[in-house]
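Let's take a walk through this model together. Have a look at the chains below, and then we'll go through them piece by piece.

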Amino acid sequence: MMDLQKQYQELLEKYLENLDEKNLYFAQQFSRKFIEQEIAPEDVVSLHKDAVMNIFPELRNEVATTHDFLIEMMIHYGLALREHQSLIKKREELHMEMEVAANVQEKLMNATRPNVDGLDIGYVSEAAKAMSGDYIYFAEHGRKNLSVAVADVIGKGIPAALCMSMIKFGMDSIDENESVPSEVLKIINRIVEKSVDNSMFISMYYGMYNVENQHFTYASAGHEPALFYCAKTKSFEQLDAKGLLLGVKREVEYEECQVHLHSGDFVAIMTDGVTEIRTEDGFLDSAIIEQLLFEVRDQSAQQMADYLFKQLAQLQNFRLHDDFTVAIMKKR
Amino acid sequence: MNERSSVEIYTEWDVVAARQLGRDEAKSIGFGTVDQARITTAISELARNIYLYAGTGKIEIRRLHDGVKKGMMIISSDNGPGIPDVRKVMEDGFTTSGGLGAGMPGVQRLVDEFKIETEVGVGTTITAIKWLR
Amino acid sequence: MDLHVQQKEVRDVYQFKVVGEVDAFTAPKLKEQLHSIAHLKGVRAEIDVSEVEYMDSTGLGVFVGFYKTLQEQDGHVKVTGLNRRLYRLFEITGLDAIIDVEEAKDDE
């Protein structure tokens, strides 16, 4: 501190001699030293006061007093600065924790693309923030059945991600060989209803493809309807099924519907991060999704999913506002 | 050997009286201008917290002579509602975000030693020490 | 974007008028306002959303939470003035089957 005091006074004296820009530049460099050594603003004022009183011993005492007044005022500034520094450090810690959590989540969710005769499967699932509240799940049942689930937890970030882990364990506990889509949703609903907060809810679309008869059977718990493309008529149809969101009511019945997949037909299941895209000019018309998928209908399911994601991300300037998940199942 | 003096806090003006007492003591112990200002600000925050959250309480100042070291102890005590979650109160950004001043972390930064004892429904005692360097 | 909630009581029915956008930022405000009456037994509440331009899933969550809380206390919720877009949201989520909803009368 004594050292700084001397240096500061010399600097000030030099400046007073020449009133030049060079010494002001030195002063700026010098202020870095203050910050590095965590010198509080009130100490800086105190240094200045002592320097001024040393350089001009003839100054009236009132000048020193005005500096004391300023010192009093600076105490809070100093505190605010130190709090700010400590908050920045805390933010870094949180950021690191978040990264670890995101990795854990990725491992946990790790969806694997199954191999089913006659069906080409592709998907994209991207989080808007570090952690995702979307969930995608595939399971094979003895090469005879394939099941796919796409779920969306309300909200984003950590709370949604935590909630999603629960869904994952719920799904793992179900013996899907025995269950049809409406049954699966009924069971998951009971699990969610028992364990979530009142304003937390989840939508889920659940489908099952039967390799033998090429039927796609589906049920929805308050989820966006899937899109079905019929290659023969070159037209799209919404696969809607009545059903309440998961976690709102204990006992819920889910409607179950079926569609037959012919060669070239595909089903796209999406979350609202895909269908509810908002740009500066308002909402995108949902027809754009059909149009984009139609453009690449002859490519592989994965290429289609990638294309849809790329195009829609571009429309939002690559800033996702919501978690984005699409799963495409295409009949070869 | 300890010498003590205190100010009872009933109104906002008593916050000023507590500051005055603290400053006079700090000056006579030999603290420099900047440390005087720090001590006074700490007392000010503690007294204001009593006034705002407990209604009434007391700020006590003790001079400390610990061998070669000299210093000052500030004891803020009240029989107010107590602090249910001390960890939260000691967190940065908790009080300041609500515009309530420096808060407890601020007081802690202004002094060398800081201790907080509180029980819900019984009251709060905060002890802060500043040593003369 | 801002959100305003007006509240009045008319013949034992708590009427709320919501104006603005209900999203992740404004939803807590709506939640707080609605929940000021949520502890009451057998409450009848009516929420007018005819001047809600936009609502996302967080906003919908507030309605679900409110419904569930009132349900536990034998209360009743009615949501009125839903535009086409909001009505679709209630339909897709299946909420139209459990919450009393009413579409806006003159839908532009």
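Predicted model: local features only at pLDDT ≥ 70, side-chain atom pairs only at ≥ 80, totals over all residues.

Residues are numbered from 1 along each chain as its sequence is written, chains are lettered from A and ligands numbered from 1 in the order in which they are written, and side-chain values use heavy atoms, with hydrogens and water left out.

Begin with chain C, where five strands make an open sheet in the order 1-2-3-4-5, with mixed pairing. Strands here are DSSP runs of E with at least two residues, helices are runs of H or I with at least four, and both are numbered from the N terminus. Two strands pair if DSSP finds at least two bridges between them. At the edges of the sheet sit strand 1 (3-10) and strand 5 (100-103) of chain C, each pairing on one side only. Strand 1 of chain C runs antiparallel to strand 2 (residues 13-22) of chain C, and eight bridges join them. In that pairing, Val10(C) is opposite Val13(C).

Now for chain C and chain A: 22 residues of chain C touch 22 residues of chain A, where contact means heavy atoms within 4.5 Å. Together they bury about 1,900 Å², 51% of it on carbon and sulfur atoms; buried area is the accessible area (1.4 Å probe) that two parts lose on being put together, summed over both. Lys68(C), Arg85(C) and Ile92(C) supply 29% of the area that chain C buries against chain A, more than any other three residues. There are two salt bridges between these chains, a salt bridge being a side-chain nitrogen of Lys or Arg within 4 Å of a carboxyl oxygen of Asp or Glu. Asp96(C) and Lys242(A) form a salt bridge through their side chains, at 3.4 Å from N to O.

And what about chain A and chain B? Their contact takes 16 residues from chain A and 17 residues from chain B, and the area buried is about 1,400 Å². On the chain A side, Glu72(A), Leu79(A) and Glu83(A) lose the most area to chain B, together 38% of what that side buries. Four salt bridges cross this interface. Asp43(A) and Arg38(B) make a salt bridge, with their closest N and O atoms 2.8 Å apart.
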